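Hello,

Here is the structure I said I would pass on. Please open it and keep it beside this message while you read.

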Amino acid sequence: MSRHRGTGPSQRSLHPLAWWIWAAGMAVTAIKTTNPLLLAMIAAVVIFVVAARRTAAPWSRSLTFFLRLGLIVIAIRIVVEIVFNQRLPGHVLFVLPHLTLPHWAAGVYIGGPVALEAILEAFLDGLRLAVILVCFGAANSLASPYRLLRCLPAVLYEAGVAVTVALAFAPEIVITIASVREARRLRGRATRGLAGLRGMAIPVLEGALDRSLQLASSMDSRGYGRRDGTNRSTRRRATSATVIGLLAVVVGVYGVLAVGSLFGLGLPILAAGIALCALGLSVGGKRTTRTRYRPDPWRWPEWVVAASGLCALAGLAAAEALGSTSVQFSFYPLAVPGLPVLACVGILVALVPAIAAPAPPATVGPKALGEPATLEPSAVAKAVTFGAAGSRPTVVEGGR
Amino acid sequence: MIELRDVSFRYGESEIPTLSHVELSISEGELCVVVGQTGSGKSTLLKAINGLVPYFTGGHLAGEVIVAGRSTRDHPPRELADVVGLVGQNPAASFVTDVVEDELAYAMENLGIEPAAMRRRVEDTLDLLGLHELRARSLLSLSGGQQQRVAIGAVLTASPRVLVLDEPTSALDPAAAEEVLAALARLVHDLGLTVVVAEHRLERVLPFADRLIIVPGDGAPLQVGDPGELMEHSPVAPPIVELGRLAGWEPLPLSVRDARRIAAPLRERLATIEPTRPGEGAALRPGSVVAATHRLSVSYGELRAIWDIDLRFCRGEVLALMGRNGSGKSTLLGQLVGLRPPTAGTVDVAGHDPVGLGARKLIKLVGLVPQDAGLLLYSATVGAECSTADHDAGLEPGTTAATLDRVLPGVPVGRHPRDLSEGQRLALALAVVLAPAPPLVLLDEPTRGLDYPSKDRLVAVLGDLRDAGHSVVLATHDVELVARVADRAIVLADGEVVADGPARQVVCHSPVFAPQVAKILAPEPWLTVAEVRGALEGVGP
């Protein structure tokens, strides 16, 4: 039962989890490096794959949003660096007038000499964050968040409501803001600036919250979270094992990524977390009554896509293990970064999904958001000619 | 199938019960229509059937609701999902997934139905509701009527034995509404489903009803009975029933077909009289032009919303803008208040381009009441709303309050706008818009959710506005409102004007937009019961 929704048999949606693993691989690679060339390469690869394989659905446009957000992050990071000057040594570019703060704020500087190194560090910091955002945006563009939610194990059901509502919240808020802004104009009030913002916050939040509640009640009245055969205490134990496991995974991942933290216990904590999760999921999932409609298959393209994302990470790790110094940017002394070959190869492998992943079905999304119905030709004819083809005989009788 | 035993309900803080001591029993395969004013407790009654009241709304429910042998006391909504399917007022707000097919399967996934059975049921439902061409479409891209059908399909796939619908046609154009109601009637006849449907526009739904449930509101006892019998004495009635009463038809016809069969003598009596409405002649002598569009086009991306529109809006005229969902009505209204610049062409409102006008100047020239009138209101009380409106427009304090008093006297000043009835809220929004006395007044779908008395009041107010020399534009699906108040009618289709002329001609020539009286008395162009009554009194028996 594959998910053929397109015109050709080769068109299908890739399993959402594969895209998310691929994007996560790229994001973690970005976290592990400060080499601007590698970061730029990651961003380029991700954007290329998205351009090649995204659908026409509304959520596919989230990449643009995240790109913009990334640029803002970089800008903010640099401005913060310049204003709250850390007084790093190095090549001074310019000197800002500085404030003398009272003694209780010792260690905080505002203004003063700004070094090239400081700005570069801030830029790279921001860039890294921006690339991570782009990876996240790419995952959103390639796989509908709703479809990812369907893969959520049964144990995490309570979380499912929260996630669905949260997913619906952002687009809803955009729609509400537009209508509230229009309404303010109709009332003869400011729609821009601070005054506009103040008057809009309450109606917008009110509207979006209303909608979230409606969504939750709709999920409930359509059977979401029905009690299955398992008894209460088993379910509770399974849920708590999963939640604790997930927390441990988060802490463990932090320990692994931030070298030197948690006294080197990152890996054992991560392993314990994964084990706990597996236990909780297997116990909780055993007697679930939920079924899946046309589940996304996991075939070789899924393996390839997921593996290619991990390849990038592996390439970087290998380069670092072999003692390549150019994985991290060198500030002291300031030097033009080199290109570690292994890391480059790894990142380039992540381009494979642009070819290996099946083309998404063409018909899933609308051509434009808010596009009205594609009308059946008969319906158009009916309205334009006012023909007597009403849907009930009485209409025909009444017409002339 | 559905039993309500001594059910009383009140919301948390409220003193007055919304429902009190309701006894109701609905048997299998019945189509029940629930009628009542907004805020009378219709929605509460419907939601009590699947337990959303009180599980999601809060409040205190006494008595017992039993559906298919299960009491909502021990079964929350999710446990009743296989028995009751509930379709809310706003289908778009109930969608949980993003693609039509997934939405249809959602409830079945939760119920744990075999994948093979799921495939079959999805296909059956796609066919039953005519959705097969939309199966892979994104839900956001559907029109209102399509969304409504998907919402119905999404609960049908769980094969519930009871279907509960809260105003399923209120957002739909006449053709789409017919389509949805026809689908419902088919479900009752073919599958023996029990259907409970709340509806404001009785004229649409009455022919399908097996039983009528009138909810008077404020906890007064329900009236339940045969639609024909209840209609004989009901204070609210669709035009067809009023005409039947006027003509003394026995038994009272509820469908156009039945009425036409016994209307032959009436048609003969009226054949020699030219139908007119008081003040109608005035519309044919248009006064000065208030606003005009010249070759106006608006596109959103690739989509053409309106195309090459040349229109003039005159003083002393009520203009009805009709057309199916998504035909460009709201876009045209938005252009007249300058919400966004046009793609091509010009808009001229009293000599100004509305896009460039400051908001404060704009509201003195043109006022728009949007579809959701509540959007215009932000203050915590009616009184505060009126005084901020005065302040915003730079009016004499008290102007808006006085306008409100003219539009609808007796709106409680201290109440929060959200707690007003639909009719009161519309009156307040209308007062806010009318206070600066703009020559051009636009209303988008003003009768949505309005009960009959509020509609009567609206018709009177619109007539007053016309007499006072305003140019009034209504974008509406409500053909009965058009019949009663419009002088001129314009039909839009896919963004183009396909008909423009005196309302009487335009609506009578269209089977989709013709009001009930016109359908019954065709070929003579009578529009409303009031006209017929006037004519009969003039002629004598």
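Below is what I found, one region at a time.

First, a caution: this is a predicted model.

Start with the sheet in chain B. Four strands make up an open sheet, in the order S2-S1-S4-S5. Their pairing is antiparallel. Strands of a sheet pair through backbone hydrogen bonds, either parallel or antiparallel. Which strands stand at the edges? They are S2 (19-26) and S5 (70-71) of chain B. Each has a single partner strand, so one side of each has no neighbour in the sheet. Now look at S1 (residues 2-10) and S4 (residues 60-67) of chain B. These two strands pair over seven bridges, in the antiparallel sense. To find the pairing on screen, pick B:Leu4, which stands opposite B:Val65 in S4(B).

Next, the nonpolar cores. In soluble globular proteins, nonpolar side chains tend to be buried together. The largest nonpolar core here has 195 residues. Which of them touch the most other members? B:Val34 and B:Val507 do. Helix H17 (residues 422-434) of chain B gives the most to this core: nine residues. Domain 1 (2-236) and domain 2 (280-510) each supply at least three residues. There is also a second, separate core of 47 residues. A:Ala43, A:Leu124, A:Ile132 and A:Leu142 are among its members.

Go back to B:Val34 for a moment. Leaving aside residues up to four places away in sequence, B:Val34 touches B:Lys42, B:Leu45 and B:Leu46, among others. Its contacts also include B:Val196, B:Val197, B:Ala198, B:Ile213 and B:Val215.

Just after H1(B), B:Gly51 takes a positive phi of about 90 degrees.

Last, B:Phe95. This residue lies in the loop between strand S6 (84-87) and helix H3 (100-111) of chain B. Buried or exposed? B:Phe95 counts as buried, because it has 24 C-beta neighbours inside 10 Å and the cut-off is 20 or more. Not counting residues up to four places away in sequence, B:Phe95 touches B:Glu103 and B:Leu139. B:Tyr106 is eleven residues from B:Phe95 along the chain, and their C-alpha atoms are 9.7 Å apart.

Best wishes

Definitions and conventions: Residues are numbered from 1 along each chain as its sequence is written. Chains are lettered from A and ligands numbered from 1 in the order in which they are written. This is a predicted model: local features need pLDDT of at least 70, side-chain atom pairs count only at pLDDT 80 or more; totals for chains, interfaces and linings use all residues. A residue is buried if 20 or more other C-beta atoms lie within 10 Å of its own, exposed if 12 or fewer, and partly exposed in between; C-beta atoms are placed from the backbone. Two residues are in contact if their C-beta atoms, placed from the backbone, lie within 7 Å. Two strands pair if DSSP finds at least two bridges between them. A nonpolar core is a set of buried Ala, Val, Leu, Ile, Met, Phe, Trp, Tyr and Cys residues joined through C-beta atoms within 7 Å. Domain bounds come from an automatic or database domain assignment.
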